[in-house]
Amino acid sequence: LNPTTGANGAASKSGKKPKQAKRILLIDEVDVFFSRSFYGETYDPVLSLKLDKIAELQNLVWTMKGGDVKMILPALKKTEAYKDLMRDYTGVIDILNSQIAKMCS
């Protein structure tokens with residue numbers, strides 16, 4: 001029986017909210033818990049696309065880097081490589097556009 005609640009867990013008759021009991025987590029072998037194979041491991045959902053069309057866009061960006069940076073993205077969007085990527089990868093257009101814009105900045 002919790003002293004701050006009734007037998008069924010309802011709030012006490014005074015109407016005050018029951019105090020939360022303080023909790024502590026005990027970890028045995030903390031070195032294992034924080035190792036790279038357990039808690040210390042990161043989850044990196046990444047897919048690396050190595051496509052000729054992306055390489056073509058990257059090369060075009062590098063050739064245009066000396067000029068007006070604001071003109072690079074509009075120029076890329078006119079290329080067949082860009083249009084092909086958008087057509088072939090319709091499910092990730094927003095991600096592609098975001099990454100291509102970063103490539104241009």
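Which backbone nitrogen does the side chain of T79 reach? The side chain of T79 reaches the backbone nitrogen of Y82, at 3.2 Å. This is a predicted model.

- T79 sits in the loop that lies between α3 (72-77) and α4 (80-88).
- With a relative accessible area of 17%, T79 is buried, because values under 20% count as buried.
- A backbone oxygen is also reached by the side chain of T79: that of L76, at 2.7 Å.
- The backbone nitrogen of Y82 is reached by the side chain of T79 at 3.2 Å.
- When neighbours within four places in sequence are left aside, T79 is in contact with L57 and L60.

**Helix α2 against helix α5**

- Helix α2 spans residues 52-64 and helix α5 spans residues 93-104; their axes come within 10 Å and cross at roughly 30°.
- Angles under 35 degrees count as roughly parallel, and α2 and α5 are therefore roughly parallel to each other.
- The crossing in which α2 passes α5 is right-handed.
- On the α2 side, the contact is made by L57, Q58 and V61; on the α5 side, it is made by I100, M103 and C104.
- Sorted by class, the contact of α2 with α5 has 5 nonpolar residues, 1 polar residue and no charged residues.

Technical notes
Residues numbered from 1 in each chain as written. Predicted model: local features only at pLDDT ≥ 70, side-chain atom pairs only at ≥ 80, totals over all residues. Heavy atoms only, no water. Axes fitted to C-alpha atoms, helices over the stretch in contact; angles between N-to-C directions. Helix = DSSP H or I, 4+ residues; strand = E, 2+ residues; numbered from the N terminus. Parallel < 35°, antiparallel > 145°, perpendicular 65-115°, else oblique. Left-handed = near helix turned anticlockwise from the far one by under 90°. Contact = heavy atoms within 4.5 Å. Nonpolar A, V, L, I, M, F, W, Y, C, P; charged D, E, K, R; others polar. Buried < 20%, exposed > 50% of the residue type's maximum accessible area, 1.4 Å probe, protein only. Polar contact = N/O pair within 3.5 Å; in protein donor to acceptor, adjacent residues only side chain to side chain.
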